[in-house]
Amino acid sequence: MSTISKPIFNWHCISTWKQSAYNTLWCLIGCSIGDFGTIYYFQITNSSLNTLSIMTLAIINGIITSIILETIILLKKMQLIAAFKTALGMSLISMISMEIAMNSVDYFIIGKAYINLYIIPLMLFAGFVTAWPYNYWRLKKYNLSCH
């Protein structure tokens, strides 16, 4: 009887942590542009839209702007259609988890969809640390990244 050993996943690879941090940072920049922009728009227009609706729109817009930014970055390496398809193929799990973490911090600290200079660093930190381990795992296991 033979036993098949499963390879042990390595969470201790410094170079993969660095590359996944770089990838996560670009995702964070793209997501935060759409997210913060949406929240700020509703903040300055004194909209009567409820917090959940604003945050849902912020999440959607954050994902869209992240895909646009990734497409622009990838244009250095490939043609527009290929860059766009690659950007669309990025991990939605990572982007959605990042967006939910960012908006959850905003909601639990401020109590509504509201942007100010005190909450932004906390939102960015939460989004980054939420997505980073998944991006490490994806990069290590499948060698998949956008950059």
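**A helical chain with a pocket and a nonpolar patch**

Asn46 sits in the loop between H1 and H2. Helices here are DSSP runs (H or I, at least four residues), strands are E runs of at least two, and both are numbered from the N terminus. The model is predicted, with local features requiring pLDDT of at least 70 and side-chain atom pairs pLDDT 80 or more, while totals for chains, interfaces and linings use all residues. Residues are numbered from 1 along each chain as its sequence is written, and side-chain values use heavy atoms, with hydrogens and water left out.

Asn46 is not a glycine, yet its phi is positive, at about 50 degrees. Most residues other than glycine have a negative phi. Asn46 is also exposed, because its relative accessible area is 67% and exposed means over 50% (buried is under 20%, partly exposed in between; 1.4 Å probe, protein chains only).

The chain as a whole contains five helices and zero strands. Read from the N terminus, the order of elements is α-α-α-α-α. Along the principal axes, the C-alpha atoms fill a box of roughly 65 × 40 × 25 Å. Of the 147 residues in the chain, 39% are buried.

Gly34 lies in helix H1. Gly34 counts as buried because its relative accessible area is 7%. Ser20 is buried because its relative accessibility is 0%. Ser20 and Trp137 are 117 residues apart along the chain, but 8.7 Å separates their C-alpha atoms.

The largest pocket has a volume of about 150 Å³. A pocket is an open set of points on a 1 Å grid over the protein atoms alone, where a 1.4 Å probe fits and protein lies on both sides within 12 Å along at least five of seven lines. The volume is the space filled by probe spheres set on the points, which are joined across faces, edges and corners. Lining residues have an atom within 4 Å of a point. Those of the largest pocket are Phe42, Gln43, Asn46, Ser47, Leu49, Asn50, Thr51, Ile54, Lys112, Ala113 and Tyr114. Helices H1 (14-44) and H2 (51-74) are the elements that give two or more residues to this lining. The lining divides into five nonpolar, five polar and one charged residue. Nonpolar covers Ala, Val, Leu, Ile, Met, Phe, Trp, Tyr, Cys and Pro; charged covers Asp, Glu, Lys and Arg; the others, Gly among them, are polar.

A nonpolar patch lies on the surface, formed by Ile60, Ile64, Ile68, Ile72, Leu75, Leu80 and Ile81, with about 650 Å² of accessible area together. Two or more residues come from each of H2 and helix H3 (80-88). H2 gives the largest share, four residues. Patch residues have over 30% relative accessible area and no salt bridge, and nonpolar side chains (Val, Leu, Ile, Met, Phe, Trp, Tyr) are joined within 5 Å. A salt bridge is a side-chain nitrogen of Lys or Arg within 4 Å of a carboxyl oxygen of Asp or Glu. Areas follow the Shrake-Rupley method with a 1.4 Å probe, and for residues only the protein chains shown count as cover.

Ile81, a patch member, is placed in helix H3. Ile81 is exposed because its relative accessible area is 57%. Lys85 is in helix H3 as well. Lys85 counts as exposed because its relative accessibility is 59%.

Notes
Patches are made of residues with over 30% relative accessible area and no salt bridge: like charges are joined within 9 Å, nonpolar side chains (Val, Leu, Ile, Met, Phe, Trp, Tyr) within 5 Å.
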